[in-house]
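Reader: Please show the sequence and the structure. I will then ask about single residues and about the chain as a whole.

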Amino acid sequence: MKSQQVRQQFLDFFASKKHTIVPSSPMVLKNDPTLMFTNAGMVPFKEFFLGQKTVKDKRVADSQKCLRVSGKHNDLEEVGKDTYHHTMFEMLGNWSFGDYFKKDAIDWAWELLVDVLKIDKDCLYVTVFEGEKEEGLAYDQEAYNYWKKHISEDRIINGNKKDNFWEMGAQGPCGPCSEIHVDIRSDEEKTKISGKSLVNMDHPQVVEIWNLVFMEFNRKADGSLEKLPAKHVDTGMGFERLCMVLQHKQSNYDTDVFTPLIREVEAITNTNYGKNEEIDIAIRVIADHVRAVAFAIADGQLPSNTGAGYVIRRILRRAIRYGFTFLNKKEPFIYKLVSTLSKQMGDYFPEIKAQNQLITNVIKEEEHSFLRTLEQGLILLDGIIKSTNGTKVSGKKAFELYDTYGFPIDLTSLILSEKGMTLNEDEFTDELEKQKNRSRAAAIVETDDWILLIDDNEEEFVGYDILETNVKITRYRKISSKKYGDLYQLVFNLTPFYPEGGGQVGDKGYLEASNGNVIYIVDTKKENNLIIHFAKSLPKDPTQTFKAVVDKKQRYRTACNHSATHLLHQALREVLGTHVEQKGSAVHSKNLRFDFSHFSKLSSDEIQAVEDFVNARIESKIPLKEFRNIPMEVAQKKGAMALFGEKYGDTVRAIQFGNSVELCGGTHVQNTGDIWHFKIISESAIAAGIRRIEAITNDAVKEYYSENNKIYNNLKVLLKNPQNPQKAITDLQEENTSLKKQLEILLKDKAKNLKGELIQKVENINGVNYLAKKLDLDQNSIKDLAFDLGNKIENLFLLVGTEREGKAFLTCFISKNLVEDKKLNAGQVVRELGKLIQGGGGGQPFFATAGGKNPEGIEKALEESKRYIL
Ligand code: ATP
Ligand code: MG
């Protein structure tokens with residue numbers, strides 16, 4: 001059965017059991033401070049389990065893109081080495097939100113696997129939770145009883161908390177679980193060792209395929225468990241593992257989910273899969289990682305230096321490194337796999353197909369730059385090796401290479417071992433630990449549990465219509481972070497504060513108590529579906545009614561920038577073409593930033609055209625048309641485009657200014673005329689095929705022009721008020737160039753004259769022709785002079801000091817035969833003497849230069865140079 005059909009059969013089966021089939025949520029998370037990526041099928045439904053959101057469909061089934069590369073579920077280091085863990089994989093799941101529980105979950109799982117998909121029941125084992133005393137958790141007798149109706153009791157295995165109590169992370173919904181394992185070994189193998197003894201023993205052919213979780217508890221921040229308001233079912237089946245079983249393969253990588261990618265890697269790298277373990281691992285790593293990276297980029301997460309972007313960059317770099325080391329690929333090639341991937345997955349996941357080109361470009365560029373890093377790292381490592389006495393290489397230096405240059409440590413170890421050397425690993429681990437402690441200390445955030453004042457989870461947002469209203473605090477908690485110190489997070493029954501989202505910053509403002517006391521709200525953010533207000537302090541009596549007031553000025557400026565962002569988007573598609581797609585935006589009160597896909601730098605004409613387009617719409621004073629809670633289809637008919645990587649509800653909000661229609665939850669001006677004016681401040685590249693525009697509107701434009709005008713006036717004064725300032729500057733530039741040329745000629749002449757003088761001054765000491773002198777020449781002339789003298793005079797040791805614009809320079813020339821016979825080294829000379837001019841430098845053994853900030857030291861350096869030849 002082809003993998004496409006496997007997925008479809010799963011979904012069809014649960015549709016027949018009255019489940020609503022939903023598409024996968026994004027794999028990259030936006031509004032969750034506790035998690036960067038969806039690491040299990042239940043993540044998009046977390047709020048349902050916690051009772052924070054009202055359930056519409058009580059039964060749901062889907063195939064969810066998951067990524068397990070950080071936090072509690074991190075399989076990264078296993079991937080490639082084994083045959084059944086991936087970074088990115090699909091988790092097939094069926095869900096009951098307060099509807100059916102253990103009986104149906106177990107009966108249906110069995111029916112699907114054994115009756116529909118025809119898996120031999122003699123290959124299956126199931127586990128049930130054995131309970132745990134310390135936490136007061138009981139043996140799951142109920143699950144046991146349901147299982148024994150289907151499977152013989154000697155195939156039911158008790159499991160401990162580690163295997164059979166599922167938790168999403170350090171906090172959140174959890175509960176006992178029952179897993180289904182499959183033994184896919186040959187009959188012969190099975191007679192040797194029973195499958196039962198291999199369950200949960202990390203055996204590659206006795207693997208867990210499905211986990212049925214019975215959600216009953218919530219793990220709180222203090223570590224304790226509380227009962228959830230209702231009982232739920234959350235199941236997760238590894239799609240790739242199920243394909244392995246149904247396609248009678250021994251490895252996920254032998255299924256049609258992976259074989260097209262593997263064939264492509266073989267063809268590009270001229271290797272064969274299945275012949276050599278090291279090469280096989282590399283091929284698996286690459287086939288796996290390209291999926292994770294491609295899907296992350298499709299969800300809008302570009303590789304970067306921080307947060308989720310950094311995790312993605314690291315995954316890609318791991319793949320590049322495996323290709324570099326084991327497949328001998330020194331050129332970018334992983335990007336070539338994207339089209340194969342998109343052909344194969346694009347039907348079910350259209351985001352991959354639609355963004356094929358962009359993903360390809362981004363990966364290619366990343367490969368280029370990391371391969372450059374690797375090359376440079378190899379040179380640096382060579383230097384480290386050469387400067388090492390003995391065979392043990394300093395862990396500190398290796399750490400520097402790893403930390404500052406991103407050079408992978410295992411590559412360092414590998415290269416060292418090839419040269420019969422080793423790394424001082426203790427020293428390396430020490431450095432790594434020190435660094436981790438530094439970043440941990442910077443990031444620590446402690447969060448207390450919520451204190452509930454009013455049990456109300458429906459927090460209404462009223463901030464589209466009003467900026468001031470009476471509210472009650474329904475819950476609060478304290479958080480402390482190194483950066484901000486102590487803050488309080490408050491949730492209200494209703495709020496006019498816009499929470500950060502859709503690129504727009506969160507509102508600021510204050511709460512006013514009845515006695516006039518004020519509490520400042522410094523930021524507003526969304527956490528899942530709660531709107532959280534960050535307060536500087538907690539009111540004495542948090543149960544009273546407060547007046548909540550949004551900072552109107554900030555909100556207005558932000559709205560101008562947000563509406564302008566929509567017009568900018570429209571302008572870019574109009575001026576550059578419809579290939580332009582939004583890739584990110586940040587709307588602040590001071591400015592706006594818009595990232596979009598486009599292949600080349602914008603010309604100044606294009607920038608002008610974009611600005612003109614937006615300003616024309618501002619001048620036309622187009623009124624806002626806002627559509628709240630309309631069905632997605634209606635919004636799309638109006639011309640709104642859904643963005644990849646965004647999670648939309650059943651109904652959406654659409655914002656229209658004339659022909660610009662966008663799905664948007666942000667706040668906007670009532671009329672484009674309010675924006676007053678739009679000005680692009682910068683245009684740049686942020687990744688391959690992705691450009692960034694920064695722009696300003698309204699008051700900020702006035703400030704910008706008046707600031708620029710000030711600079712212009714100052715310049716005119718400096719230029720002595722010429723008629724035509726632009727011409728005055730070009731004249732100055734021309735004059736400067738011609739003066740420089742003249743100076744160069746003069747200096748060359750001077751050097752020529754000097755040469756004769758200098759030859760007279762050469763001393764012969766111990767067979768070396770020695771000269772050390774301070775000269776008033778530029779560096780280029782000194783270089784010419786040094787080589788000239790070197791040609792004329794044998795056995796020359798020359799050191800020239802010079803002072804230019806308050807800086808000191810040393811130039812050292814040593815004849816080649818002296819370098820060899822006397823082991824003299826100009827690089828070493830300038831490095832050592834460079835200290836005297838408070839600087840440093842280097843070069844080759846026969847010619848080197850140093851620069852420093854202390855001209856006073858030149859004389860001393862010249863004197864000292866004699867010791868090299870004595
Ligand atoms: P394992 O012990 O094999 O790592 P798990 O206990 O971590 O599995 P769950 O968290 O229960 O797995 O996830 C549900 C299902 O998802 C598993 O039964 C398995 O089929 C699949 N799965 C889990 N992790 C991975 C992974 N890294 N790659 C592919 N499939 C996975
Ligand atoms: Mg696992």
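Reader: Is lysine 227 buried or exposed?

Author: Buried means under 20% relative accessible area, exposed over 50%, and partly exposed in between, with a 1.4 Å probe and protein chains only. The relative accessibility of lysine 227 is 57%, so lysine 227 counts as exposed.

Reader: What kind of model is this, and how are residues and chains labelled?

Author: Residues are numbered from 1 along each chain as its sequence is written, chains are lettered from A and ligands numbered from 1 in the order in which they are written, and side-chain values use heavy atoms, with hydrogens and water left out. Local features need pLDDT of at least 70, side-chain atom pairs count only at pLDDT 80 or more, and totals for chains, interfaces and linings use all residues, since the model is a predicted one.

Reader: Which residues are joined with Glu135 into one network?

Author: Glutamate 135 has a salt bridge with arginine 219 (3.1 Å, N to O). The pair links distant parts of the chain, 84 residues apart: glutamate 135 is in the loop between β6 (124-129) and α4 (141-147), and arginine 219 is in strand β10 (residues 206-219). Glutamate 135 is partly exposed at 27%, whereas arginine 219 is buried at 7% relative accessibility. Through salt bridges that share partners, Glu135 is in one network with Lys161, Glu167 and Arg219.

Reader: How many residues apart in sequence are the parts tied together by lysine 17 and glutamate 111?

Author: The closest N and O atoms of this salt bridge are 3.1 Å apart. Lysine 17 is buried at 17% relative accessibility, and glutamate 111 is partly exposed at 26%. Lysine 17 lies in the loop between α1 (3-16) and β1 (20-21) and glutamate 111 in helix α3 (residues 102-116), so the parts tied together are 94 residues apart.

Reader: How many salt bridges are there by this rule?

Author: The pairs already described, including lysine 17 with glutamate 111, belong to this count. By the rule given above, the number of salt bridges is 52.

Reader: Which residues does histidine 289 touch?

Author: Histidine 289 sits in helix α9 (residues 277-298). Its relative accessibility is 0%, so histidine 289 counts as buried. Contact means heavy atoms within 4.5 Å. Not counting residues up to four places away in sequence, histidine 289 touches Leu76, Val79, Thr87, Ile315, Arg318 and Ala319.

Reader: Which residues form the negative surface patch?

Author: Patches are made of residues with over 30% relative accessible area and no salt bridge, like charges being joined within 9 Å and nonpolar side chains (Val, Leu, Ile, Met, Phe, Trp, Tyr) within 5 Å. Lys and Arg count as positive and Asp and Glu as negative, while His and the chain ends are not counted; the place of a charge is taken as NZ of Lys, CZ of Arg, CG of Asp or CD of Glu. Aspartate 426, in helix α16 (residues 425-443), is exposed at 63% relative accessibility. The patch consists of Glu425, Asp426, Asp430 and Glu433.

Reader: What accessible area do Ile451, Leu453 and Ile454 have together?

Author: Accessible areas come from the Shrake-Rupley method with a 1.4 Å probe, and for residues only the protein chains shown count as cover. Isoleucine 454 is in the loop between β15 (451-452) and β16 (460-461) and is partly exposed at 33%. Together the three form a nonpolar surface patch of about 200 Å².

Reader: What share of the residues in the protein chain is buried?

Author: The protein chain has 25 helices and 36 strands, and its C-alpha trace spans about 110 × 75 × 55 Å along the principal axes. Of the 870 residues, the buried share is 51%.

How values were computed: A salt bridge is a side-chain nitrogen of Lys or Arg within 4 Å of a carboxyl oxygen of Asp or Glu. Helices (H or I, at least four residues) and strands (E, at least two) are DSSP runs, numbered from the N terminus.
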